Amino acid sequence: MSGGIYGGDDVGALVFDAGSHSFRAGFGGEEYPKFDIPAHVGVRMTVESTTDETIEAVATGNKPKRDYFVGTTFLNVPRAHTEIDTYMKDGLIEDWDMFEKVLDYLYEKCLLAESKYHPVLFTEAPWNTKEKREKLTELMFEKYQSPAFFVVKNAVLSAFANGRTGGLVLDSGATHTSAVPVYDGYCLTHAVVKSPIGGDLVVEQCRRVLEKENIDIVPYYKVASKEEVKEGEPPNWTLKRSLPEVTKSYDEYMKKQVLEDFAMSTLQLCDTPIDLEFMEKLPAVSYGFPCGFRKDFLAERAKIPESLFDLKYLDGDGLNNRESLMNVSQIAATSCGMADIDIRPTLYSNLMITGGNSLIMGFTERLNHDLAHKCPPTIKLRVSAAPTPMERRYGSWIGGSIVASLGSFQQLWISKNEYDETGKIIVEKKCP
Amino acid sequence: MRDIMGLSQAPKEGETPLSKTSKKSFIKKGETFKRPQGMHRELFNLLVNQGKEMSKSMEQSIVPSDTKTGYRNVKAQIGFRRSRKWQYKPFLNEARNDGLQLKHWEREDRKPTEPYPFARFNKVLPIPKFSDAEYERFIRDPKWSKSETEHLFDLCERFDLRWPVIMDRFDFKTFKSTKTMEDLKERYYDVVNELNAARGNNVEPLSYDVEHEKRRKEQLCKLWNRTKEQIKEEEDLKLAMKKIETKRREREKKVSDLKRILQAADRASNSPSPGGLSPGGSSHKRRGMFKKTGAPGAAQLMTPTEASHGIRFHEFRSSGPHLRSQEIRLPSNVGQKKMKNIDIVVERLKLDVFPHAHEEIVKSYNEFRSDVVVLLELKTALQAAESELEVLRNRMQNELGRTFDIEPRFQVKDNEIGDRPKTRGKGAPTSRRRITQMLEIIPGGLPTTRKRKATERASPAPELKRSSRSTHS
């Protein structure tokens with residue numbers, strides 16, 4: 001029996017983790033997901049000029065055919081008439097057609113596996129609705145003929161990846177930050193608190209700051225060649241010739257890549273609520289843009305991510321209902337407060353930070369400091385975070401991989417037989 | 001000779017040395033390798049014979065070693081049998097009831113009758129199930145509808161009695177009710193108890209005290225929500241209480257110390273002549289009195305040694321002879337201050353510092369010095385009491401405007417030598433206090449235990465003292 005000592009029994013399961021920024025996929029039992037494709041898809045209406053097919057399709061009211069471009073290599077190619085769209089909204093799958101295309105791409109081109117031989121483990125957000133869950137079940141069993149299927153909440157999996165069965169999971173991702181209390185391997189759905197601040201917000205703040213400083217963000221695909229210039233001097237680059245007429249959404253998407261890279265390299269959080277002294281003492285970081293422009297960034301490095309913890313720094317005219325937003329420490333404290341008093345000490349002493357946005361330098365220390373002020377001094381507060389960036393970004397996937405390869409999990413799958421007998425409502429019963 | 005030299009025998013006819021070389025003895029040219037210069041002959045021989053059939057046996061016999069076949073490091077032998085193959089086969093999981101067969105790698109010699117090893121981890125908590133009839137007879141409750149109860153039991157089974165999760169997933173909306181976790185638990189335990197009783201299972205009923213749990217949780221919530229000010233207030237109160245406690249203890253100690261000193265003084269003044277008693281006997285008596293006064297309220301007090309009853313002189317218990325002058329010797333635990341005061345008194349009263357060591361003289365002298373020490377302690381205590389009285393008087397003056405007089409018998413501080421306090425009249429001291437006036441007190445309050453000081457004591461016959469100390473200590 002393979003891995004009998006450690007409780008592992010690999011059945012070749014596939015683990016899929018759909019996030020707002022990227023979709024992680026791989027085989028269960030492995031350390032990291034083999035495939036991490038963006039959650040954005042290029043959509044192009046097939047521009048076949050007036051063939052009978054398209055006219056017919058339009059006439060009968062069916063959707064006209066579209067081309068989908070999934071995966072970084074296909075997505076990043078500049079094409080005309082191609083919109084960049086995402087199928088995720090608010091952490092849940094919204095556009096099912098697009099999602100199917102993504103799955104097709106994964107099965108065919110990436111995993112090179114036939115779906116009917118591999119059981120599938122999916123992750124979901126703790127606030128996933130019954131309908132979406134059932135739809136996903138239906139999709140996997142009907143279309144892909146999976147032999148077995150299961151859905152788990154991603155907070156529970158993140159907890160498992162950190163080696164615990166309980167605690168407060170603070171997931172700071174692209175579109176939102178959420179605090180989910182997990183007790184004994186089950187998630188307490190009524191105490192989940194989420195706020196739409198996250199990586200995208202930080203990127204948006206970066207964009208505003210750069211616009212204010214009149215820095216033009218030139219995405220990669222436009223640059224044909226560039227020359228080295230001294231710092232602060234205007235860039236010297238040449239536009240690529242024969243670029244197709246790309247859509248605005250594509251351009252925005254590519255600019256966002258640049259901004260994400262900028263955010264990853266330069267931003268840093270202060271350990272305590274920010275003060276002028278810290279901003280002055282902060283060392284400068286020089287960042288080079290794709291067009292060749294280089295600049296040193298000082299105080300902005302700390303001001304931009306400060307908005308995660310102190311909403312006063314949030315710069316936004318387009319942000320509606322700012323009063324209802326909560327900062328990260330408030331999210332954590334509120335979620336703990338909504339849980340039963342008996343388990344509150346365990347939640348505080350097992351706080352796990354996960355999610356890609358938490359990789360900003362200084363995030364853990366700042367959260368530790370803020371929470372220590374908020375909660376009563378008698379309780380023991382222990383904030384833990386996975387050390388490597390990979391573990392934090394793929395936390396829920398890794399948890400899924402662990403679960404799918406456990407021997408004692410093999411009795412929990414929903415099999416095709418059960419689905420055929422009971423129908424899609426079985427997912428409500430069997431998946432907690 | 002020729003044999004030794006290896007030369008051939010006497011040349012046969014027609015044979016020449018050259019003709020002896022036969023074709024057969026030609027060694028193939030390709031096989032001879034010339035030994036490179038500088039390389040040792042043995043090394044070259046080894047290298048040249050590598051891989052050849054004959055070299056194996058040669059190498060084997062050369063050096064004895066654990067690795068069976070010679071110089072090369074043999075691969076470690078893990079396991080002593082042929083490796084078994086693994087197969088990718090479907091398997092049956094006993095914990096499942098739908099016959100799903102997933103595939104996994106298993107070793108070829110796994111018997112098909114062996115259960116799936118992880119099936120035994122499928123532990124289930126025994127949640128009782130009730131029929132409709134049972135429900136009607138035993139478990140009806142006004143606050144709980146039947147469907148609600150069934151839902152509760154379904155959740156209990158699914159989540160193995162994990163109450164926070166059950167509470168979280170309970171469908172309050174459908175049943176339009178609001179219940180706390182304690183209510184759910186109460187209902188569950190009540191039903192289980194009823195069913196057990198009805199079915200006649202002889203198990204102990206599970207007791208669940210709802211009210212207690214509710215109160216406990218409420219208290220926890222209050223504790224959790226204490227504001228900073230409240231916590232600070234609590235801390236301040238605790239500190240104040242500690243201070244009060246320590247003050248009370250100090251006061252009690254003072255009182256009992258005083259009592260003891262007074263007792264000692266009483267005993268010293270009452271017994272007319274302690275002539276018949278040996279120092280050992282009197283100290284026994286003192287100890288007995290000490291025990292009586294010490295017992296009440298002395299539990300938490302530091303118990304000074306017998307030094308507060310005067311001086312405990314060195315007892316000679318050994319069977320050998322000793323010099324009586326050694327009995328005059330002051331024990332080392334008498335402190336500086338006491339010694340100084342004794343010396344002052346003895347000098348003022350024009351006594352001999354070292355009297356003749358006659359038995360009676362020795363006894364009286366020792367008792368006298370002991371009494372001086374007691375007197376010193378009394379004076380100290382009285383002085384402390386006088387200071388307290390003055391403080392109180394001042395306070396009273398400040399607060400109430402009135403005052404009271406401190407009677408002369410309590411006044412002991414400023415008495416100079418030569419003062420003649422009146423011994424008549426109200427509140428006057430009972431004696432002339434001649435000796436008291438001689439005593440000097442360095443302010444410090446009541447006597448407390450003093451560590452043994454390794455100071456030099458002036459005494460007669462130092463050599464003898466040293467030798468006796470070594471024999472007696």
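Biologist: What stands opposite F149(A) in strand 21 of chain A?

Modeller: In this predicted model, F149(A) stands opposite I414(A) in strand 21 of chain A, a strand being a DSSP run of E with at least two residues, numbered from the N terminus as helices (H or I, at least four) are. Residues are numbered from 1 along each chain as its sequence is written, and local features need pLDDT of at least 70, while side-chain atom pairs count only at pLDDT 80 or more.

Biologist: Why are strand 3 and strand 21 of chain A said to stand at the edges?

Modeller: The open sheet of six strands runs in the order 3-2-1-9-10-21 with mixed pairing, and strand 3 (35–38) and strand 21 of chain A each have a single partner strand, so one side of each is left without a neighbour in the sheet.

Biologist: Why is the link between D340(A) and K217(B) called a salt bridge?

Modeller: The term asks for a side-chain nitrogen of Lys or Arg within 4 Å of a carboxyl oxygen of Asp or Glu; the closest N and O atoms of D340(A) and K217(B) are 3.3 Å apart, so the pair qualifies. The count between chain A and chain B is five salt bridges.

Biologist: Which element of chain A gives the largest share of the side that touches chain B?

Modeller: Helix 16 of chain A does, with three residues.

Technical notes
Chains lettered and ligands numbered in written order. Heavy atoms only, no water. Pairing = 2+ DSSP bridges.
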